[in-house]
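Subject: Handing over a structure

Dear colleague,

I am passing this structure on to you, together with some notes on what turned up in it. Please have the sequence and the model open beside you as you read.

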Amino acid sequence: MATVKVNLGKDSYEIEIERGLLDRVGEKIRSLTKAEKIAVITDDHVEPLYGERIRKVLTEAGFDVRVIAIPAGEASKNMKVLSDVYDALSEFNMSRSDALVTLSGGVPGDLGGFAAATYMRGIPFFQIPTTILAQIDSSVGGKVAVDLPSGKNLAGAFYQPKGVFIDPDLLKTLPTRYVHDGLAEAVKYGCIGDRELFEIFESLETEEDLEKHIEEIILHSVLQKTRVVEEDEFDTGKRQVLNFGHTIGHAVERYFHYSTFTHGEGVAIGMSLLTEQTEKMGLTEKGTASRLIRVLHKLSLPTSIGVPAEDLIPQIMHDKKRRGKKITLAVLKKIGEAELLTISTDELSRYIVTE
């Protein structure tokens, strides 16, 4: 088992990574909380696969358990579904000393974490991510949120879990598209700060190769994100480097109403389009964009989009990273090294060319 400590003072916690871990999370959570009740927030795709299993594991550890399944998909990460979750927690008669567990991908993780941060002004919560995207990205770092009609993750908080339990075996029930979707974030980590991780992706030739390296990829990714989060817990400085590919990626997702491209696919497009431009501008080492695009194509991820840049720019204006007429982009200097570049929103057309 690999254990990664996230050092955040009083909010420190551990991330555990091991195959078969799901069947031992009851005893692990019991050692970390005196809660009598646990509400498990999941979705209607994950609940049929693991709902009864997690109920049994937690019940055997002495908890009174309620499993709450929300509709799967980004469209559910909204205030109406959040209100329904609050109602379910209230009906379960939870107290401030009880706890919440998210067993899910990123959507129930984000929404469930936000519910934990705000119900009764905050109750403890634990993350059991079931997708590669959640395992390497959204379950680490304490960002919890829901979407508003005007943009993604616009209502949210920084609220750290008490523990994160990553079981790579849970990925076996995940469709290949969504494994590759999550790996876009791992490619991002390789790009911005872990050249060795990027080179692992360059070495892969088959899905069997990927399966052999998956635990290594998860650990590298978690370590990279943990280092950045420890330096900048509240996303005011260096942590913004984690947004590489996301400014354009979120715009792509929003343009298509979160129904055409997955999050990772949007990030892959964003990383590619931005790096092609910054390389042409002399900000990025020559050859970087082609290396990045080759790796993304190995994972069957898109790297371009048939939408005029001027149609994406209005979507970027809703990005929460914008500060007035300024926005900060994470830009590659070379594979394994990134920097932050603050530009005027009037300059965005120089950095996004889609044709």
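This is a predicted model: local features need pLDDT of at least 70, side-chain atom pairs count only at pLDDT 80 or more; totals for chains, interfaces and linings use all residues.

**A hairpin and its strands**

Strands S7 and S8 form a hairpin with 2 residues between them, where strands, like helices, are DSSP runs numbered from the N terminus (helices are H or I with at least four residues, strands are E with at least two).

Residues are numbered from 1 along each chain as its sequence is written, and side-chain values use heavy atoms, with hydrogens and water left out.

**The chain as a whole**

The protein chain has 13 helices and 12 strands. Its radius of gyration, taken over C-alpha atoms, is 20 Å, close to the 20 Å that the globule rule (2.2 Å times the number of residues to the power 0.38) gives for 355 residues, so the chain is as compact as a globular protein of that length. Along the principal axes, the C-alpha atoms fill a box of roughly 60 × 40 × 35 Å. Of the 355 residues, 59% are buried, which here means under 20% relative accessible area, with exposed meaning over 50% and partly exposed lying in between (1.4 Å probe, protein chains only).

**Aromatic pairs**

The structure holds 4 aromatic pairs, counted when the ring centres of Phe, Tyr or Trp (its six-membered ring) lie within 6.5 Å, with planes under 30 degrees apart called stacked, over 60 edge-to-face and the rest tilted. One of them is the edge-to-face pair of Phe 158 and Phe 234, with 5.4 Å centre to centre and 85° between the planes. This pair links distant parts of the chain, since Phe 158 belongs to strand S8 (residues 151–158) and Phe 234 to the loop between helix H8 (207–231) and H9, 76 residues apart. Phe 158 counts as partly exposed because its relative accessibility is 34%, and Phe 234 counts as partly exposed at 46%. The rings of Phe 256 and Phe 261 have their centres 5.3 Å apart and their planes at 75°, so this pair is edge-to-face. Ring pairs also link Tyr 255, Phe 256 and Phe 261 into a cluster.

In helix H12 (residues 309–316), the buried residues are Ala 309, Leu 312, Ile 313, Gln 315 and Ile 316. Seen down the axis of H12, these fall within an arc of 160° (using the directions from the helix axis to the C-beta atoms), so they line one face of the helix. Their cover includes helix H9 (246–255), strand S11 (326–334) and helix H13 (348–351).

Strand S11 also belongs to an open sheet of 3 strands, in the order S10-S11-S12 with antiparallel pairing. The edge strands, each pairing on one side only, are S10 (322–323) and S12 (337–344). S10 and S11 pair over 2 bridges, and the bridge partner of Arg 322 in S11 is Ile 327.

Definitions and conventions. Contact means heavy atoms within 4.5 Å. Two strands pair if DSSP finds at least two bridges between them.
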